Amino acid sequence: MAFRLHDSLSDAIVPLPERTPGETTVYVCGPTVYGYIHVGNARGPVVFDVLARHLTAQKRKVKYARNYTDVDDKIIAVALANNESPRAVAERFIAAYREEMAALGCRQPTLEPRVSETMPAIVALIVALIAKGSAYATAEGDVYYDVASFADYGKLSKRKFDVQRSEYGRGKSGEGKRAEHDFALWKSAKPHEPEGARWPSPWGEGRPGWHIECSAMTHEHLGDGFDIHGGGPDLKFPHHENEIAQSEPVYGAPMARAWMHHGFIEMDIERNASFAPEVLAVLRADPELRKISKSDRSRLESLKAREAALSDEERALVLIYERKVRFADWFQLRKLREAVDGEAVRYWILGTHYRSPLAFDLGDDPDGAVRFPSIEQAEKRVEYFYDTRQKLTAKLATAKNTTLKTSQFFDEARKAFDAALDDDLNTAGALDPFNKIFARVNELCDAKKTSREELELALEAVAYVTRSLGVAEGDPDAFFARVTGRRIKVRGIDPRDIDALVVARTDARNNRDFARADQIRADLTARGIELRDGASATTWRAV
RNA sequence: GGUGCGGUAGCCAAGUGGCCAGGCAACGGUUUGCAAAACCGUGAUACGUGGGUUCAAAUCCCAUCCGCACCUCCA
């Protein structure tokens, strides 16, 4: 079976587009680097990383570009607030982003273009758009895109032009815009804006609007009519719609041969929250309360400031805002990784088809610790995969050549795995053969007689599927060191204490003092330490 | 109002006409000093509801209920 995917523009399942035979060109809108990302921001990179991995595994050449928006109003705002340069802010958060991506098991894209390094192409594109009659400059030195000039405007988001004109758009009169829905291609520099945030142009100093960069960068790095353009669902409109409007009049249509949009990771504060009925009533009465907002923290603080004088409803609001603030904190990927491993987050994301919404769930332990039931479950599973890989390596080290026949099992599982990924990147479906491969490996490792040839097939299959998914492909020892290290750190456990207790228990067992041995084990279990009595030694792990 | 998505076992989640998804939890077994881990097995009618088409429907059609998301800079 050949790869096919859901194209958001035609809203149909289409064959893999192929501008150049054997090669796939992919562009994904990357982050605006003004702060740390949240879990929702992680879904796209993970999904498109699997796309690139899978197509590479199919022997295709993949050219995958993901940009950094390192010139933006929000970056300037952070720079002004921190009294540092916009450049420094961008560099700091690009470094942080790369670190997060590595933790999620995302390979570095082939290309990581930046807005700041694409200025000549951006200016050239704007000049071309003005020449084509698609854009106009104002007396203030701004340039706007003339939406009315592009007949196809709205084709991606299936939005009606007239509806948008009458009901949306927030442009203010006096801005120099001809129509409310026209959007900025070039913004003139304002006096208060710092150095490093302005570039020369035919319209005076300024910086590009948000959308133009992607049109210029795809043209520059992938060429026109490249294969797949990906991104989040919220980018569909206006960002991708505007990209199409900017690219197609100048570079020719289509901008991309297929569009892939993934689903959101959703935070529902009602879910898993054990609110009292009267609190729930308040929550349900106002839909806005269910959404996380930046102003939640200040609302909470202002309510708390007059704690004594609160009405019942306001007390309910305090509980709701506390939950929202807590939720928002843990939604940040950096924070979340204090509780769960990045690889677990990745596996959790891949457990749901990329176009479906994915619920972020979190709960409270009786002891006050925060729990992430779904992601923790995923983490247990990743541990199992690494465990299995360790067992396989150990088994292979001692396995002897045999004359036993090898089976078709791993070959068939790999085929099923690839078939699922070929079908619009159905990672959740691919987890079936993925899991079966690991179960089979364990079975082989536990068997008394196993053929070396079969174990080698197993090793090959495991390497293949872990590489395609980017899950459990690393060094098992490093993984367990990382995960156990994090857990004992959180609980304030000294590993040397555990080692000593394990030795004491082994001594007791050797003396057949099972009562004492079991007592030690029970104590360790209570501290979240799991013991494994192997053939030669007892090992332990924090769970 | 516009655009789109969904309701599958205790929970999560694939599956778009006939045949086993998978994972977690539960229970039983193998193994073990006993456990854990691992493996195997079990879950008589899992497909929101009501009709219809068909030899055959979770899957197609009609109706209906419920839920969710997005709609100018948030992936």
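In the predicted model described here, strand 9 (residues 226-231) runs parallel to strand 10, the two being paired over 5 bridges, where pairing requires that DSSP find at least two bridges between the strands. Helices (H or I, at least four residues) and strands (E, at least two) are DSSP runs, numbered from the N terminus. Within this pairing, Gly231 has His261 of strand 10 as its bridge partner. Strand 10 covers residues 256-261, and because 5 of its 6 residues are buried, the strand is largely enclosed by the rest of the structure; buried denotes under 20% relative accessible area, exposed over 50%, and partly exposed the range in between, with a 1.4 Å probe and protein chains only.

Residues are numbered from 1 along each chain as its sequence is written, and chains are lettered from A and ligands numbered from 1 in the order in which they are written. As the model is predicted, local features need pLDDT of at least 70 and side-chain atom pairs count only at pLDDT 80 or more, while totals for chains, interfaces and linings use all residues, and side-chain values use heavy atoms, with hydrogens and water left out.

Among the buried residues of helix 7 are His239, His240, Glu241, Asn242, Glu243 and Tyr251. The buried residues of this helix pack against helix 4 (119-131), strand 6 (143-145), strand 7 (183-188), helix 6, strand 9 and strand 10, contact being defined by heavy atoms within 4.5 Å. Pro238, which is placed in helix 7, is joined to Phe237 by a cis peptide bond with omega of about 5°. Just after the helix, Gly252 adopts a positive phi of about 95°, and a further cis peptide bond, with omega of about -5°, connects Ala253 to Pro254, the latter being located in the loop between helix 7 and strand 10.

The side chain of Ser215 makes a polar contact of 2.9 Å with the side chain of Gln246 and another, of 3.0 Å, with the side chain of Ser247. A polar contact is a pair of N or O atoms within 3.5 Å; within protein, one must be able to donate a hydrogen and the other to accept it, and residues adjacent in sequence count only if both atoms are side-chain atoms. When residues up to four places away in sequence are not counted, Ser215 touches Leu125, Glu243, Gln246, Ser247, Tyr251 and Met255.

At the level of domains, whose bounds come from an automatic or database domain assignment, chain A is divided into domain 1 (4-262), domain 2 (267-374), domain 3 (376-468) and domain 4 (493-542). The centres of domain 1 and domain 3, taken over C-alpha atoms, are separated by 40 Å, and 12 residues of domain 1 are in contact with 11 residues of domain 3. Between these domains an area of about 970 Å² is buried, carbon and sulfur atoms giving 51% of it. Arg4, Val50 and His54 supply 48% of the area that domain 1 buries against domain 3, more than any other three residues; buried area is the accessible area (1.4 Å probe) that two parts lose on being put together, summed over both.

In helix 13 (residues 373-398) lies Tyr386, a residue that is buried, with a relative accessible area of 1%. Its contacts, residues up to four places away in sequence not being counted, include Glu343, Ala472, Pro476, Phe479 and Phe480. By contrast, Ala481 of helix 17 (residues 476-491) counts as exposed, at 51% relative accessibility. Ala481 and Trp540 are 59 residues apart in sequence and 11 Å apart in space, C-alpha to C-alpha.

Positive phi values are also found in residues other than glycine, including Lys59, with phi near 70°, and Arg512, with phi near 55°. Lys59 occupies the loop between helix 1 (39-57) and strand 4 (61-66) and is exposed at 77% relative accessibility, while Arg512 is situated in the loop between helix 18 (495-510) and helix 19 (514-526) and is exposed at 63%.
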